[in-house]
Every structure is written in structure tokens, then in C-alpha cells.
Amino acid sequence: NLSDRLNATFKKLKGRGTLSEKAIDEGLKQVRMALLEADVNYRVAKKVISDIHRRALGQEVMESLTPGQQVIKIVYDEFSTMMGSAHEGLNLGNRVPETVMLVGLQGAGKTTTAGKLALYLKKQGKRPFLVPVDLHRPAAIDQLKKLGKQLGIPVFDSTQEMKLGDICRAAEKMAGQEGFDTLLVDTAGRLHVDDGLMAELVELKKMLNPVETLLVADAMTGQDAVNIAGAFDKAVDLTGVILTKMDGDARGGAALSIKAVTGKPLKFIGVGEKSTGLEPFHPERMASRILGMGDTLSLIEKAQESVDLKKAEALEKKLKKNQFTLEDFRDQMASVRSMGSIKDLMGLIPGVNKKMISGLNIDEREFVRIEAIINSMTPEERRSHAIIKGSRKKRIAKGSGSTVQDVNKLLKSYTQTMKMVKKFNKGGMRSLKGMLPF
Ligand code: GDP
Ligand code: MG
């Protein structure tokens, strides 16, 4: 997979300094190959590569990551943003009923997906109503009726002889009477995009005024799915896409390109023939699937979050020499805080058990206060805290919007920490995580 290939490419390089252009180009060769293998739209691939190149160039290699991991992270971020960053669900409004129209080619999975969405909505406490309007194929209406029966979801009793307009009006009226809040309209498809089909869908859309117009497309068709999305979007202005058959060996190219090409979000993916085979689409998960990383990712994230080992070592040296100033105290606190809540962090300290922490009442705002106080000191005061006496304390308190008492409390914390650290030092402290006085 791509993740392994990137790692292999960067193995030869040492994790120092900035990412060199040569190194990046080597890595991007792998990315380009992987994108083409995944059947990603050519223009999209080109843009991704140049974006990644721009982002990677001159970026400092984090101490805790190898250049390979760093590039994987950049590629992962780029893929995720390309696909939309976060899951976008159905945007249902407050009208009763709201209408969701499913469009797409024949065999894409519209009818199956209509059933899946109905079940999904039912589980959320909604009252969906399935409406078959594929009047071209006799079996189409029956297929949805059968599905509805299986799922215990009401289906409008459409027949082939009815007119589209009549079905829409009658279904809306019935929904109002029965209290169905969401119409799921299963439209007709064709084997190919054609004018007749589009004209019918445009007419339907005018009659239904749907809150969502979702394209159902077969992920196995790769680039075709993207082209189809473009054509449908032009005709009926889609609000989103559902890619079906992602349980097969679809290569992810369609998922990766659809948003970039059409600007419309991928909202769900179909992952099986059964009615439960529908998943909300999560860009990050798909990015990690395309990269084939899984565990690598959490590893990278952990490394990113953790305090830089080198910095920690430098601090340790300072501590040993008693040069750990209030400034260092503040910086250390900030870097620890950036890793998560204090409770979470305390859980990482060996010997501290979860029960002890849960009983603690930790005020995270305390840290903001401490930072403000230290920021109000002069550099000299931060370096030698012993000079902070009466009038200085007053000035610092005023400058930071706190009281002299607060300043005293901080100075006490700091000196206590120093004492604690010295004790730790004797035992050979490796990490500074445990040095917080709270
Ligand atoms: P429609 O013509 O667009 O209404 O397509 P159908 O809903 O009738 O589905 C066509 C075929 O695709 C059926 O055999 C479905 O079982 C199958 N299908 C639909 N969605 C999925 C999916 O997510 N995964 C798999 N494996 N098959 C699917
Ligand atoms: Mg159908």
C-alpha cells in the first residue's frame, strides 16, 4: 500500500532539518503512482501532487517523526481536506414532509439505497415514506414495495399507469395525513446519461422541491462515477453523492475525486447488498483507507502530540543545573497542555491510577491565569524569580488581571515544582510529564 511505499522511499533519509525537494519528489512519485492505480481523476491527481509539494517543501521534519511519516501525514491531510474534512449527513429541514430524491443510472443501487436510508432514518426516530417513481420498468416498483415490507417501512402504492405528478401530490398528501416526515423518492435510471432521463428528473425535481437531491453512483466504475456525477449535477443540481459497492474492490478513486470535481460532498457509502450496508462517509477514514495506514496514523498523531524529545532533554539539562526559569515553566506547561486535558495527561503518568484522577477537581482555567501572570513579568523576573517582591508583585498582578495572592500562589507552585524536580532528578527523570504541581 501507499503508506508502506512512502515509508520505504524515505527510509534512506535521515530525519534531520527540512524536507528536501529531492526527497519530496521521490515521495510524490509514489503518491502519483498510487493515485493513478486508485483511478483518481487525472486533473485531480495533478492538483493534489502540486498541493502536497507546496506544503511539504521547506517544512521542518518533526523530531519525533521520520521524513516518510511526515510526508504520509501531509498526504493524509491533503486527501482528507479534498474529500471534505468532516462527515456531512443529510440536511433535512423542518418542513413536513421533507423530500429526498435519489437519482442515478440503472443498477447503481438507488432502490437498495432508498431502503437503506429509510432504515437509517427510522433508527434516528424519523418516519420515512418510500415513494417509487420508476415507472419505466415494471419490476422496479415491486422491488421497492417488497423492500419496504421487509423493513416495516411504508411505501406509496405507485402503479405504472399513474402520472408522475399525481404520484408526487398523492404521496405528499398521504405523508401529511399519516405523519410521515421524510419522503424518499426512488427515481428511474437509464443505462447511460441521456436527455430523456435528465428531462424527467428536472421535471420531478420541480414538482417535489426536494431538500436533498442525492446521486447514487457505483464506486466500482471509478472515473465513470465522477463523470456521471458531473452530468447529473449539471442537470439537477445535486446536494450530495452516495457511492455504492464500496465493499467490493473499488479502489477509492471515485471517493477521492468526486468532491474535487463536482464540489458536492460524498455523504454516505454503500457497503453491502443488505439494508444495513450503509455508512456515513468520513473523509479521514477514507484517506487512511486509501493510504492503507490504519495504525501508522495513530502512531504519527501520538508522536506529533508528544513533547519533543530534544526539547525535553534540553529542559532536563537546565533542571539539573538549576536553570529552569519561570519562562521554561510556562513553555513546558503550554506544551503539556497542547497534548490534552490535564486529567488525560495525569493518566499517562506511571503510578497514577484512573480512580485518583477522577476524584480530582482540576480547573483548566488555572493554566490560563498562570500563563498570563508569567507573561506580565519582565524577562529578568522570569529568569530570577527571587527578585519578585512587593511592588513587582503588585505590578505583575495588575498587568495580568489577577491578584497578588495569585502571583504568590504561582511562585509557590513554581518553587515546589523545582523541589519535586530535584527529587525526580536523583531518581533519573526521563520525562517531564509528571512535574506538574497540580
Ligand atoms: P438501481 O437500479 O439503481 O435501483 O439499483 P438496485 O438498487 O436495484 O441495485 C442494483 C444491484 O446492486 C443489486 O443487485 C444490489 O443488491 C446491488 N447493490 C446495491 N448497493 C450495493 C452495495 O453497497 N454493495 C453491494 N455489494 N451491492 C450493492
Ligand atoms: Mg431501482
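A residue counts as buried if 20 or more other C-beta atoms lie within 10 Å of its own, exposed if 12 or fewer, and partly exposed in between, with C-beta atoms placed from the backbone. Keep that scale in mind at each stop.

This is a predicted model, in which local features need pLDDT of at least 70 and side-chain atom pairs count only at pLDDT 80 or more, while totals for chains, interfaces and linings use all residues. Residues are numbered from 1 along each chain as its sequence is written, and chains are lettered from A and ligands numbered from 1 in the order in which they are written. Helices (H or I, at least four residues) and strands (E, at least two) are DSSP runs, numbered from the N terminus.

**Stop 1: Met198**

Select Met198. It lies in helix H8, residues 195-208. Met198 is partly exposed, because 17 other C-beta atoms lie within 10 Å. Met198 and Ala235 are 37 residues apart along the chain, yet their C-alpha atoms are separated by 6.4 Å.

**Stop 2: two loops with positive phi**

Move to Asn209, in the loop between H8 and E4. Asn209 is not a glycine, but its phi is positive, about 45°. Is Asn209 buried or exposed? It counts as exposed, because it has 12 C-beta neighbours inside 10 Å.

Next select Asp237. Find it in the loop between helix H9 (223-236) and E5. Asp237 is not a glycine either, and its phi is positive at about 50°. Asp237 is exposed, with 11 other C-beta atoms within 10 Å.

**Stop 3: strand E5**

Select residues 240-244, strand E5. Five of its five residues are buried, so E5 is largely enclosed by the rest of the structure. Look along the strand. Gly240, Ile242 and Thr244 point one way, Val241 and Leu243 point the other way, and all are buried.

E4 and E5 run parallel and are joined by five bridges; two strands pair if DSSP finds at least two bridges between them. Which residue stands opposite Leu243 of E5? It is Ala217.

**Stop 4: strand E3**

Now select residues 182-186, strand E3. Here too, five of the five residues are buried, so E3 is largely enclosed by the rest of the structure. Thr182, Leu184 and Asp186 lie on one side of E3, Leu183 and Val185 lie on the other, and all are buried.

Show the partners of E3. Strand E1 (residues 98-103) pairs with E3 in the parallel sense over five bridges. Met101 has Val185 as its bridge partner in E3. Strand E2 (residues 128-132) runs parallel to E3, and five bridges join them. There, Pro132 has Asp186 as its bridge partner in E3.

**Stop 5: the nonpolar core**

Select Leu130, Val131, Leu184, Val241 and Leu243. These have the most contacts inside the largest nonpolar core, which has 87 residues. Helix H4 (residues 67-83) gives the most to this core, with eight residues. Domain 1 (2-86 + 293-304) and domain 2 (98-281) both give residues to the core, so it lies between them. The domain bounds come from an automatic or database domain assignment. A nonpolar core is a set of buried Ala, Val, Leu, Ile, Met, Phe, Trp, Tyr and Cys residues joined through C-beta atoms within 7 Å.

**Stop 6: a cis bond**

Go to Pro97, in the loop between H4 and E1. The peptide bond joining Val96 and Pro97 is cis, with omega about -5°.

**Stop 7: ligand 1**

Select ligand 1 and its shell. Of the 19 residues around ligand 1, which come nearest? They are Gly109, Lys110, Thr111, Thr112 and Gly270. A residue is near a molecule if its C-beta atom, placed from the backbone, lies within 6 Å of it. Helix H5 (residues 110-123) gives the most to this shell, with three residues. Color the shell by class: three residues are nonpolar, twelve polar and four charged. Ala, Val, Leu, Ile, Met, Phe, Trp, Tyr, Cys and Pro count as nonpolar, Asp, Glu, Lys and Arg as charged, and the others, Gly among them, as polar.

**Stop 8: Thr403**

Finish at Thr403, in the loop between helix H19 (390-399) and helix H20 (404-426). Thr403 is partly exposed, with 14 other C-beta atoms within 10 Å. Thr403 and Lys393 are ten residues apart in sequence and 8.6 Å apart in space, C-alpha to C-alpha.
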